[in-house]
Amino acid sequence: MSERDPKSSQDLTAVVQTLLQQMQDKFQTMSDQIIGRLDEMSTRIDDLEKNISDIMTQAGVEDLEEEIKVTETSGTA
């Protein structure tokens, strides 16, 4: 029985090391995917903000907002 113990211990150690490496690889893959998706989402949000700004400019909303600010400022003075 004592002859099998070192081999069993080595086998168990090898299995545990393999499992830990697999878990680390999966965690790294998931982490990379999450970071990639966050980068993609950031790019989409930036594009959305630019499109909204362009639409507001085309609709003249920015001019209207400036007029309202001027009116409010002159009304309180």
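**Burial, surface and salt bridges in a helical chain**

Q: What percentage of the 77 residues in the protein chain is made up of buried residues?
A: The model is predicted, and its protein chain has 77 residues. A residue is called buried when its relative accessible area is under 20%. Buried residues account for 0% of the chain.

Q: How many helices and strands are there in the protein chain?
A: The chain contains zero strands. One of its helices, α1, covers residues 4–59. The count of helices is two.

Q: Which residues make the nonpolar surface patch of about 410 Å²?
A: One member, L20, lies in helix α1. L20 is exposed, because its relative accessible area of 52% is over the 50% cut-off. The patch is made by L12, V16, L20 and M23.

Q: How far apart are the closest N and O atoms of D54 and K50?
A: D54 is partly exposed, with a relative accessible area of 31%. D54 and K50 are four residues apart in helix α1, which means that they are separated by about one helical turn. They form one of the two salt bridges found in the whole structure. The closest N and O atoms are apart by 3.0 Å.

Definitions and conventions
Residues are numbered from 1 along each chain as its sequence is written. This is a predicted model: local features need pLDDT of at least 70, side-chain atom pairs count only at pLDDT 80 or more; totals for chains, interfaces and linings use all residues. Side-chain values use heavy atoms; hydrogens and water are left out. Buried means under 20% relative accessible area, exposed over 50%, partly exposed in between (1.4 Å probe, protein chains only). Patches are made of residues with over 30% relative accessible area and no salt bridge: like charges are joined within 9 Å, nonpolar side chains (Val, Leu, Ile, Met, Phe, Trp, Tyr) within 5 Å. Accessible areas come from the Shrake-Rupley method with a 1.4 Å probe; for residues, only the protein chains shown count as cover. A salt bridge is a side-chain nitrogen of Lys or Arg within 4 Å of a carboxyl oxygen of Asp or Glu.
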